[in-house]
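Let's take a friendly walk through this model, starting with its strands and moving on to its helices.

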Amino acid sequence: ICVDSIDVRGDMNLNGIANEIADAVLYTNYFVYGIGVFTNYQAQVAASDVNRDGLTLSVTDLVYQINIIRGDALPYDAVQGVDTASAYVYNDILKVYGIEMRAAYIVLNGNVSPLLLFDQMEINYNFDSENSVTRVLIYSFDGVIFSGGDLLDINGSTLQSIELATAEGKRVYNDTLWSDDISPLTNYPNPFNNETVISFQNPTAQNIQLEIYNVLGEKVYDIMNYYTTGQIDIRWSGTNNNGTTVASGISFYRIITSDDIKTNKMILLK
């Protein structure tokens, strides 16, 4: 199907009127209950690319449709770009960092009753017995944004997949981890001007060293401290150990423990 030939993009219920509340409700039902909610699968899939990014049946389309209904966006304006976030499970808690998120579509293995930890959003879920997975949709019709942290208690399950959408309806590339090592290593904001926060999960109380290098491989900053378990946030203001401002551009930072090293990059704008 050529999606550009669809006359009523966003008309999920095929009644000739696009982007009604009924369309959004049907869209949410798809994520929770699957394709069985559709009466004309091919036509409804073709109409589902609400944000015109070329991907059908995406949670980003649902967010963009809700934005249209709320009056926050215009129909058919293509959403460009892909944001990056970190989503991972630690001690049964799904955590998301790095974006302002308005919806998440999560597939958990087995029959599970997940608990939403951010109660300003809505959650719908359903067990798919045929595939032995629980489909979970987290979203908001009220424009609520999740800025990061503990999102969902998966109640002993394991994560099969996760799809995130920004407040604007952009796609999100996420690095999903399941291990209990140092994970993941991120910083926010990135790029940053005055200060950024380097964050990671520390699985055990230990000494941890942070090192920051410029693009020439020269170490510009380092610090070592003893940290307890849990979420660790280290603030860096773009200066070296002497307090001198580091040059603008790409820097590389890494966390070092006795048995683990994690590296990432960030951009300083001055």
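Two strands count as paired if DSSP finds at least two bridges between them; strands (E, at least two residues) and helices (H or I, at least four) are DSSP runs numbered from the N terminus. This is a predicted model, in which local features need pLDDT of at least 70, side-chain atom pairs count only at pLDDT 80 or more, and totals for chains, interfaces and linings use all residues. Residues are numbered from 1 along each chain as its sequence is written, and side-chain values use heavy atoms, leaving out hydrogens and water.

With that in hand, look at the open sheet of four strands, ordered β13-β12-β15-β16 with antiparallel pairing. Its edges are β13 and β16 (261-268), each pairing on one side only. From one strand to the next, the twist averages 20 degrees (axes are lines fitted to C-alpha atoms, for helices over the stretch in contact, and angles between N-to-C directions run from 0 to 180 degrees).

Inside the sheet, eight bridges link β12 (residues 206-213) to β13 (residues 219-227), and glutamine 206 has tyrosine 227 as its bridge partner. Five residues lie between these strands in the hairpin, where glycine 217 takes a positive phi near 85 degrees. β12 is also joined to β15 (residues 249-256) by five bridges, with leucine 210 opposite isoleucine 255.

Now turn to the helices. α1 (residues 21-33) and α3 (residues 59-70) pack at about 160 degrees, their axes 10 Å apart. They are therefore roughly antiparallel, a term for angles over 145 degrees. Their contact (heavy atoms within 4.5 Å) includes Tyr27 and Phe31 of α1 and Leu62 and Ile66 of α3.

Key
Angles under 35 degrees count as roughly parallel, over 145 as roughly antiparallel, 65 to 115 as roughly perpendicular and the rest as oblique.
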